[in-house]
Amino acid sequence: MSAPLKNDRFLRALRREPTDTTPIWVMRQAGRYLPEYRATRERAGSFMGLAQHPEFACEVTLQPLERFDLDAAILFSDILTIPDAMGLGLSFAAGEGPQFTRPVRDAAAIQNLTVPDMDGELRYVMDAVRLIRQELDGRVPLIGFSGSPWTLACYMVEGQGSKDFATLKAMCWNEPALAHQLLDTLARAVAAYLIAQARAGAQALMVFDTWGGLLGPAPFREFSLRYMQHVVEALKADAVAGALPVILFSKGAGAHLAEMADTGCAALGVDWTLDLADARRAVAGKVALQGNLDPAILRASPEVIRREARAVLDSYGNHPGHVFNLGHGITPEVDPEHVKVLVDEVHAYGRTLRPA
């Protein structure tokens with residue numbers, strides 16, 4: 001039986017319930033800016049060695065919680081675990097990011113794709129979730145996550161990272177039925193993956209639509225939002241996952257917050273290009289909001305970090321339903337002491353903003 005939660009601020013905020021202060025966690029909070037993470041990765045031998053071994057994944061998931069008073073843990077993994085499990089041959093070249101040896105660019109390759117076995121090829125992820133929940137012992141909630149169907153497709157078709165993912169965009173224009181077939185398979189895989197994480201012990205679920213902002217308004221609705229909607233609907237229909245809050249984060253797609261709020265998700269991540277007051281008006285109280293400090297501010301002085309954190313909190317105001325976060329992931333060169341300054345300031349100032 002799982003230990004009761006000692007700190008439920010994060011989950012309460014996602015339900016838009018009152019909290020004693022604003023909860024905070026940080027995207028990529030387990031990562032290269034921490035010397036202890038770099039030491040564990042050295043022991044693991046590679047990034048994939050780290051991600052595919054539950055003991056290492058658990059160790060690095062917990063590392064930031066030992067340093068900072070964070071209100072949630074997030075599973076240490078990679079958004080490309082699903083395409084890797086589909087047999088595309090994922091590797092990480094030094095300084096070059098992810099690469100696939102077998103990208104999918106034609107009908108035959110896409111028709112051959114199947115939803116991976118969550119107790120087979122992806123069992124290592126579920127084992128990590130179970131182990132992390134056990135080691136957390138109720139300290140804070142655990143977030144499970146996946147890349148969005150669109151974002152996974154970007155890498156699978158391009159075969160590597162890109163500034164514009166023009167190969168997939170060309171497929172959307174030239175062979176839309178093929179693009180939809182790929183995205184439909186991925187939506188089913190993402191839903192199954194998140195449901196499996198929920199059953200393994202995740203207490204909230206997040207979908208990272210990292211590249212949704214590359215699309216214009218109509219293509220965003222057709223190729224990104226539509227499939228996130230399918231994922232949310234599948235999660236809500238599941239007996240276990242349906243009880244968990246779902247966070248959608250589409251970087252660069254702030255113009256679509258109102259539509260995203262209608263998917264049935266509990267919260268939306270907001271990047272730093274949008275004022276939280278405007279975001280709150282856009283969603284009209286339907287969902288909680290998560291964000292949205294520019295990650296680069298963590299390279300500034302402690303005084304600037306405190307000031308900018310207060311500005312974000314003031315922008316949201318004394319309303320329930322705010323989870324403080326960065327507008328994207330923390331970057332490797334950040335001083336860990338600056339993260340501590342941020343976390344402590346959010347909690348201290350957040351206490352002054354409680355609803356009357």
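Guide: Buried means a relative accessible area under 20%, exposed means over 50%, and partly exposed lies in between, computed with a 1.4 Å probe on protein chains only. Helices (H or I, at least four residues) and strands (E, at least two) are DSSP runs, numbered from the N terminus. The structure above is a predicted model, in which local features need pLDDT of at least 70, side-chain atom pairs count only at pLDDT 80 or more, and totals for chains, interfaces and linings use all residues. Residues are numbered from 1 along each chain as its sequence is written, and side-chain values use heavy atoms, with hydrogens and water left out.

Visitor: Which residues of H4 are buried?

Guide: Helix H4 (residues 54-67) is mostly covered, with ten of its 14 residues buried. These buried residues pack, through contacts (heavy atoms within 4.5 Å), against H2, helix H3 (47-51), S1 and helix H7 (123-136). The buried residues are Pro54, Phe56, Ala57, Cys58, Val60, Thr61, Leu62, Gln63, Pro64 and Leu65.

Visitor: Which residue of S6 is the bridge partner of Phe208?

Guide: Strand S5 (residues 204-209) and strand S6 (residues 246-250) pair in the parallel sense over five bridges. For Phe208, the partner in S6 is Phe249.

Visitor: Which residues of S6 point the other way from Val246, Leu248 and Ser250?

Guide: In a regular strand the side chains alternate between the two faces of the sheet. Five of the five residues of S6 are buried, so the strand is largely enclosed by the rest of the structure. Opposite to Val246, Leu248 and Ser250 point Ile247 and Phe249.

Visitor: At what angle do the axes of helix H8 and helix H9 cross?

Guide: Axes are lines fitted to C-alpha atoms, for helices over the stretch in contact, and angles run from 0 to 180 degrees between N-to-C directions. The axes of H8 (residues 149-158) and H9 (residues 166-174) come within 7 Å, and their crossing makes H8 roughly perpendicular (65 to 115 degrees) to H9. Contact residues include Trp150 and Cys154 of H8 and Leu168 and Cys172 of H9. The crossing angle is roughly 105 degrees.

Visitor: Which backbone oxygen does the side chain of Thr21 reach?

Guide: Thr21 is found in the loop between helix H1 (9-14) and helix H2 (35-44), and it is buried, with a relative accessible area of 0%. Thr21 and Ala348 are 327 residues apart in sequence but 7.6 Å apart in space, C-alpha to C-alpha. Not counting residues up to four places away in sequence, Thr21 touches several residues, among them Arg9, Val346 and Arg351. At 2.7 Å, the side chain of Thr21 reaches the backbone oxygen of His347.

Visitor: With which side chain does the side chain of His256 make a polar contact?

Guide: His256 lies in the loop between S6 and helix H12 (257-261), and it is buried, with a relative accessible area of 8%. Leaving aside neighbours within four places in sequence, His256 is in contact with Pro217, Phe220 and Arg221. A polar contact is a pair of N or O atoms within 3.5 Å; within protein, one must be able to donate a hydrogen and the other to accept it, and residues adjacent in sequence count only if both atoms are side-chain atoms. At 3.0 Å, the partner of His256 is Glu259.

Visitor: What is the phi of Phe165?

Guide: Most residues other than glycine have a negative phi, and most peptide bonds are trans. Phe165 lies in the loop between H8 and H9 and is buried, with a relative accessible area of 0%. Although Phe165 is not a glycine, its phi is positive, at about 45 degrees.

Terms used:
Two strands pair if DSSP finds at least two bridges between them. Angles under 35 degrees count as roughly parallel, over 145 as roughly antiparallel, 65 to 115 as roughly perpendicular and the rest as oblique.
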